[in-house]
Amino acid sequence: MATIKTLFNKCQILKSKTPLLSTFIQQNGMSQYPTYYINPIYKKDALEALIKSGEDQNLKHIPTRAALNNQTCSTAHDDLVNLFVNYVMKDGLKPLARDLVAQSFESVKRLQLEKYHKCQSEEEKAKIELNPKTIFYTAINNCKPILHLTPIKRGGVRYQVPVPLTDKKSEFLSMKWLIAAAKEKDSTVRFHLQLARELIDAANNTGRVIKRKQDLHRQCEANRAYAHYRWS
Amino acid sequence: MLKTVFNVIKTKHIQTNQGLQCLGPFTTQACKFSNTSQLCHSEKQTHEEKQNISKAMKAYLDRAREHDEFMNEQNQEYQLGKRHLANMMGESPETFTQHDVDNAIEYLFPSGLFEKKARPMMKPPEEVFPQRKAAEFDETGRPHHFLFYTGKASFYQVLHDTVQHIVDLNRFEDAMIRKGMRPDKDQKINLSGYQWIDKDSLEAKLVETIGDKDYESFVQAFERLCSLPYSYKVKDFIMEYRKPLMSQTKAHDAPKPQYDENGRAFVTTYECLRKSARGDVTIRSPGTGKISINGEDITYFDLLQCREQVIFPLLFTNMINKVDIEANVEGGGSSGQAGAIRWGIAWGLRSFLDQETIEKMRLAGLLTRDYRTRERKKPGQQGARRKFTWKKR
Amino acid sequence: MRYTAALFKSKVARPIPQEPVPFQEILPLKLKPAVSGKGDRTSEVCCLQEMSVMLACFKKNEFSQQLCSKEIDSFQKCYTGHLATKKVKKDKEAKGVLTPGEKQLSSKQVNTLLKKFPNFK
């Protein structure tokens with residue numbers, strides 16, 4: 001009897017002491033989290049702003065989801081760059097994609113520094129942007145289309161109808177075009193170098209991606225007579 | 001002795017099924033079961049005025065008696081089984097609680113079944129068999145409740161009460177406006193962190209089955225009541241139908257740090273899990289920011305992302321050069337191991353931080369354990385979601 | 001061999017002039033207390049004016065966006081505003097919530113209104 005009892009006690013010790021999330025009352029599709037879980041606020045300044053506005057009092061009793069493994073509060077972390085890395089990624093090779101983007105940022109820095117040192121006057125030097133992240137942001141912003149064409153069938157005829165884009169969709173298109181332009185290169189040129197060139201060009205409002213955007217807008221302009229066909 | 005207990009449990013299960021079968025067909029609207037006290041009371045009356053009893057009442061009384069006998073029998077068997085179990089486990093039957101019973105059953109009949117309800121169990125019969133309603137009508141067959149013929153008397157009673165409260169509060173507000181008074185802002189009802197009880201628990205509370213539409217109108221009525229400026233006057237009534245989303249103390253009560261021979265405080269977190277990785281993390285304070293993972297430093301991880309994850313909680317709490325970390329992990333890949341260590345560090349750091357920072361960590365999603373795992377492959381499909389390429393023939 | 005009458009029928013039969021059936025009111029005429037949701041789909045073309053202004057500006061300035069920032073801003077403001085109002089309206093319509101003074105009602109809103117004020121005789 002005594003042995004059974006000691007064994008039994010040992011079993012109890014082995015049991016987990018940390019609180020388990022196992023009993024979910026509300027199912028949320030295939031998600032592990034119930035619907036009322038909020039997304040984590042992992043950036044320090046965002047959290048400070050939240051506390052300053054006093055809205056954290058409302059979140060006091062609401063549980064948060066765990067922060068994802070690509071989210072940190074480090075100053076080097078950037079959401080848009082993270083998204084861009086995900087778009088560059090092929091076959092789930094994230095370390096490679098991250099490396100490529102980092103290398104292209106380095107190339108941007110090198111190219112800009114080269115330009116900077118070639119400049120003679122101080123005024124010209126002041127004009128050159130040296131921060132790759134700012135260049136990245138302006139490039140993405142400059143490549144965002146405002147309209148795009150969608151085929152709509154009316155009376156058996158397919159019309160290309162110009163339709164406004166949401167911010168998210170236009171951001172996606174701009175990143176996609178940048179990556180596509182960087183991939184369109186000679187086999188001797190490295191991807192990161194080409195991407196760096198495209199980024200710099202786009203930030204200066206020149207280059208292939210900007211041209212692509214303008215072509216799309218030109219087409220939209222040509223088809224503006226069909227604009228009233230759209231329903232969404 | 002083991003065998004006897006098993007027999008007890010087995011027979012109990014069989015009888016449970018029989019009991020359910022014999023009780024099943026009688027759950028009609030007009031007749032519902034009662035508890036013992038009411039039954040005795042009404043039985044006495046039947047002897048006195050036999051001719052005055054309605055057919056429905058008679059049928060009900062028969063069924064109630066049957067049910068009570070059945071429950072009595074079940075209860076006796078349960079008590080007997082509990083004594084047997086206590087003897088087997090070498091404990092006193094008098095002090096053997098339900099918690100002990102559950103543990104004993106889990107120990108004696110270990111089950112690999114995934115569904116918890118399908119595992120062997122031994123519970124008091126009140127928990128196993130669903131609660132029945134008491135008689136809702138008197139001897140002549142006349143219902144007690146004025147909403148009896150709605151079919152969901154208790155549910156509509158709740159709605160009725162809610163509307164009554166709304167009307168009362170509106171009248172009260174009018175009176176207050178006439179007096180020139182305003183509602184007290186400090187007493188305003190704060191409902192954040194609570195939610196309405198879900199449909200199943202409402203059904204269990206009312207002992208009635210209700211539809212989705214009914215539940216919707218229940219929520220709507222209560223939300224209307226809550227939106228009134230004087231709703232704090234009926235706080236107790238509202239809170240009966242709300243349940244908390246999270247108990248805050250869960251994240252906040254950290255263990256007291258222990259002290260080693262050098263006088264340094266340390267906290268060890270066991271069972272740091274993420275994906276297939278398992279590990280434990282020890283935090284020592286004061287320290288110099290040394291990190292050792294399986295005997296190596298942070299270069300144990302080749303990937304930058306994993307290294308970032310490991311120092312995330314330290315960076316977030318500004319403890320990066322103030323504590324030493326020792327971690328042992330095994331299983332899984334690098335990402336899972338880094339996630340496990342991240343959670344272990346965040347969980348252990350609570351002992352060295354104040355409440356405010358812990359709350360910040362909770363909002364940053366550091367204290368939540370990430371239970372997401374790989375989704376299983378399905379038969380007839382290429383993967384978890386992907387289907388095979390469709391071929392016509 | 002037997003022939004059915006149908007086979008003898010000429011294909012281009014002359015239509016026999018029929019007397020129109022007079023309408024008899026057997027039951028009193030009344031409308032249904034509900035409407036179907038067929039006519040709910042409305043065209044959601046928005047911001048056409050802003051769009052044409054913006055495109056004209058694009059054409060004038062060789063598709064450079066810096067010179068048309070004012071037009072672009074007004075167009076995007078219009079579109080985001082339209083999306084927001086659409087969402088609010090959709091939520092309300094799905095619930096059948098009535099806003100006083102609204103003239104264009106969805107089928108659900110009409111039904112809630114008809115239910116609230118039934119036509120008794």
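This is a predicted model: local features need pLDDT of at least 70, side-chain atom pairs count only at pLDDT 80 or more; totals for chains, interfaces and linings use all residues.
Residues are numbered from 1 along each chain as its sequence is written, and chains are lettered from A in the order in which they are written. Local features need pLDDT of at least 70 and side-chain atom pairs count only at pLDDT 80 or more, whereas totals for chains, interfaces and linings use all residues.

Trainee: Which element gives the largest share of the side of chain C that touches chain A?

Mentor: Contact requires C-beta atoms, placed from the backbone, within 7 Å. By that criterion 13 residues of chain C are in contact with 13 residues of chain A. The largest share, six residues, comes from α2(C).

Trainee: How far apart are the end C-alpha atoms of residues 47-79 of chain C?

Mentor: An unreviewed UniProt entry annotates this span as "domain: CHCH"; such annotations may be inferred rather than shown by experiment. The span is 73% helix and 0% strand (E runs of at least two residues). Its end C-alpha atoms lie apart by 7 Å.

Trainee: Which residue in the turn between β1(A) and β2(A) has a positive phi?

Mentor: Strands pair if DSSP finds at least two bridges between them. Eight bridges join β1 (residues 147-154) of chain A to β2 (residues 157-164) of chain A, and the two run antiparallel. They form a hairpin with two residues between them, and the turn residue with a positive phi, about 60°, is A:Gly155.

Methods. Helices (H or I, at least four residues) and strands (E, at least two) are DSSP runs, numbered from the N terminus. Two residues are in contact if their C-beta atoms, placed from the backbone, lie within 7 Å.
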